[in-house]
Amino acid sequence: MIEVEYLTFGYGHGAPVFQDFEWNAVRGEAWTVLGPSGCGKSTLLNILAGLVQPTSGTVRVDGQNLARPRPQTGLIIQDYGLLPWATVRENARLGLRVRNYYGPDGVHAPQDYTRTVDVEPWLERLGLLPFAAQFTGQLSGGQRQRTAIARTLALQPDLLLMDEPFSSLDAPTRESLQRLVLELWRETGLTLVTVTHAIEEAAILGQRILLLNLPPNIRPLVIENPNILQPGYRESDEYVTLCRSLRSLMEAA
Amino acid sequence: MKRRNLLLATLALLVIWQLAAMLVNQPILPTPIQVGAAFIKELGKGLAGHFLASLWRVIASTLLSILLAAPAGLALGQSKRANDFFAPLIYILYPIPKVVFVPIVLLFLGIGDFPKIVIIFLILFFQILVLVRDQAASLRPELIRSVRSLGAGRMALFRFVYLPASIPGILTALRQSVGTAVAVLYIAELFATQKGLGYYIYLNGNTLFNYPAMYAGVVAMSLLGLGLYFAVDWLERKLCPWLFVS
């Protein structure tokens, strides 16, 4: 699904964040990208989203070189990115409206796209129907992030990128949204890449964990975590052990 | 604001006016009742026409300034480079009291509606330009980034983000400057015209010495300013309902 080859990227004249970096993700996998701030994890996500172009190297998503944001890729960010002047329902429709605006041109919307503004199933699935007519300023952080998720999933992406999606939420809300995302991942079969600085979140949402360190990142360090869907994984010894080893790996670097 | 409170405030003002008129007890300050009677009488004798002439000038210049200033403000707010280029110019022109341009505009544009519309336009244009520019520039980059990730290019960003984001700026600008606009309209209508409330007030006060009619003109001009202010309020509630939810 994602093929990163010889990726080099740097800001200004400093050391590059990535240098000849290689990384692949298979369709349907759930990845987390973990690392301290400044390690380049958000940069990697922006590159995967097509919002930032690498200095050199190629990034292919679904076999195609990325030159601009791809209509089948969804992006969820920490501060939701919702329109304050629109209701929950209108916010959830925004992506569809953008597609309707351009039509199925293959650039802004997939070529096989059929016009619609129907988001009701997603509002219902995410428990947003009772708030659908409210403005985003009236919502809690968790409800706002649910709205952003509904907006993105309404576009039926095959790749979902999340940039510190739950960092500003309280612990119970964060845990319930992590469970929700895993359920949605299993239901839809999409490829999931979550960027996080939180070790616990990386271990909960990542079947495979890509550990980044201070730049330059040359060789990817991948940690396998196959049992995230097992019931009670959050309380299991395996999870605790993984968190401990992730912590020592981060500290060692 | 509660309607009952507005009504009470109006009543209080009328009572103060009445008391002041009784105290002064001279023709230069008629009572509200005399002015009310003159207002109704004068409406049929041309006051309504003067009112409409002034109203038309304000409405036309308001629409003109929104049409020109809002897109310019959006463009400057979106493009840092364009703003860096024009900001010094706006910085110098913005604080100049536009009323001093009245004689110049009249010299160049002569008589008729157009110079009056231009003068009000000058006031509203800069106010709207600056507020819409700042509002567009203050949109968080994260918001733009996430809307771009939904497939939005420049056109869709403009349609779905920048355009709706500019509406509160336009209304705030109107709210702030509609009073000044009416005041400057009064000045502008003292010159080179025989239509408009400014002319009407001056004619009755300084030539005909018909003080109740002059006050009726003052009331009409106040109603014009007040009406425009209420209209902006109403539009804000209609167009920006999210600003009024708790």
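This is a predicted model: local features need pLDDT of at least 70, side-chain atom pairs count only at pLDDT 80 or more; totals for chains, interfaces and linings use all residues.

Trainee: In which sense do β3(A) and β9(A) pair, and over how many bridges?

Mentor: Strands can pair through backbone hydrogen bonds in either a parallel or an antiparallel way. Here β3 (residues 30-34) and β9 (residues 208-211) of chain A form a pair. Their sense is parallel, over 4 bridges.

Trainee: Which strands stand at the edges of the sheet in chain A?

Mentor: The open sheet has 6 strands with mixed pairing, in the order β6-β7-β8-β3-β9-β10 (chain A). An edge strand has a single partner, so one side of it is left without a neighbour in the sheet. Those edge strands are β6 and β10 of chain A.

Trainee: How many residues of β6(A) are buried?

Mentor: Side chains in a regular strand alternate between the two faces of the sheet. In β6(A), Thr73(A), Leu75(A) and Ile77(A) point one way, while Gly74(A) and Ile76(A) point the other way. Both sets are buried, and the count for β6(A) is 5 of 5.

Trainee: Which elements do the buried residues of α6(B) pack against?

Mentor: First, the buried residues of α6 (residues 141-149) in chain B are Ser146(B), Val147(B), Arg148(B) and Ser149(B). The elements they pack against come from chain A as well as chain B. They are α1 and β6 of chain A, plus α7 of chain B.

Methods: Residues are numbered from 1 along each chain as its sequence is written. Chains are lettered from A and ligands numbered from 1 in the order in which they are written. A residue is buried if 20 or more other C-beta atoms lie within 10 Å of its own, exposed if 12 or fewer, and partly exposed in between; C-beta atoms are placed from the backbone. Helices (H or I, at least four residues) and strands (E, at least two) are DSSP runs, numbered from the N terminus. Two residues are in contact if their C-beta atoms, placed from the backbone, lie within 7 Å. Two strands pair if DSSP finds at least two bridges between them.
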